[in-house]
Amino acid sequence: MKIESVELRYLRVPLKAPFETSFGRFSVKDCVFVTVFSDGVKGYGESVAFPAPYYNEETTETVWHVLESFLIPQLTGKEVNTPADVSALLAPVRRNYMAISSIEAAVWDCYCKQNRISLADALGGKKQVIEVGVSIGIEPTVDLVLKNVERFVEQGYKRMKVKIKPGFDVRLVEAIRKRFGDGLPLMADANSAYTLRDIDTLKQLDDYGLMMIEQPLAHDDIIDHAVLQKQLRTPICLDESIHSVEDARKAIELGSCRIMNIKVGRVGGLTNARNIHDICMRHGIPVWCGGMFELGVGRAHNIALSSLPNFTMPGDTSASNRYWEQDIVEPAVEFFRPGMLAVPDGHGIGYEVNYKALDRLTIRKSVS
Ligand code: OSB
Ligand code: MG
């Protein structure tokens, strides 16, 4: 396929309710929505960088800039046989994985539509249904988090992930166990809020049968996590620290984690995501698909990825109505059964874009 042109749209979408993590509070989602045009077919992608560089170094504006000034000029007019060629063409670009991912994923969608196969099929996914969990933000009180847990348990989500930070950790997890029992599939995500000096607190969390603790230590660390994992019974799951197959290999060799979170944007696209899935599978490390408040197009990419066999734990790809009054895809991402999403079998991502909704959310647009 020849990449003929690319449209960028800057979208701003209010979240239904603010979401707080250890590194900041979110009340709107900004993203760059990417459309790749080839032979009369459109492929879609969306970026997951935030407006401020607090999760990683990218921002919505750096994604726009890198796409417009470097990635799009490098790709337009080029023939790509498979989407893997995109990663190869963009290999000279250092990092900027979220920018790369947003166009790489759009090429995957376009390629699948042209070849009349679903994205899940193209990736090698076999599952027809995936189980999903939900991520729950920090609130001013433990009680407010308990109310949210209750709401999502009632909706049927298959596991609860609660955000923690120093001072809002052991007492939160203890309260959830007290209220909902030991049978509730529960994990905690620290988003790098601790250091090895907090080891006593982290060890206390060992008493609550968590499925895992996600990214307790620095965003760029795999050494201290290996030290910590040796002293914890609870599996550590890495998120922020993993950007590539090489990062994954090193973390596995060091014993820095026993589980991995794969986010398409964080690792520079679906090809790398699948390769990280594969190396983890070979080493007996289960993976699950993380979330970044995706709109429907990003959710669709996550669902297709999650159909691969080593995605054995429920991910953060919740239904559209978790965050959005109205999503940009049709149909919206909805449960097939409580806590379960069907993997679409339509061509490409298997969802249509609702241009009326998209236009309403578009702040600016550029075509090259
Ligand atoms: O660490 O997984 C994370 C949100 C913003 C930044 C980082 C993370 C998250 C979430 C929300 O946990 C996941 C989602 O529901 O999309
Ligand atoms: Mg995380």
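Q: What volume does the largest cavity have?
A: About 210 Å³. A cavity here is a set of points on a 1 Å grid over the protein atoms alone where a 1.4 Å probe fits but cannot get out; points are joined across faces, edges and corners, and the volume is the space filled by probe spheres set on them. This is a predicted model, where local features need pLDDT of at least 70 and side-chain atom pairs pLDDT 80 or more, while totals for chains, interfaces and linings use all residues. Residues are numbered from 1 along each chain as written, chains are lettered from A and ligands numbered from 1 in written order, and side-chain values use heavy atoms, without hydrogens and water.

Q: Which residues line that cavity closest to its centre?
A: Ser 135, Lys 163, Gly 291, Met 292 and Phe 293, out of 23 lining residues (an atom within 4 Å of a point).

Q: What takes up the space of the largest cavity?
A: Ligand 1 does (more than half of its atoms within 2 Å of the grid points).

Q: How many residues surround ligand 1?
A: 16, each with a heavy atom within 4 Å. The shell has six nonpolar, three polar and seven charged residues, with Asp, Glu, Lys and Arg as charged and Gly among the polar ones.

Q: Why does it lie between domains 1 and 2?
A: Both domain 1 (5-116 + 353-367) and domain 2 (121-349) give residues to the shell, so ligand 1 lies between them. The bounds come from an automatic or database assignment.

Definitions and conventions. 1 Å grid on protein atoms, 1.4 Å probe; cavity = no way out; pocket = protein on both sides within 12 Å on 5 of 7 lines; lining within 4 Å.
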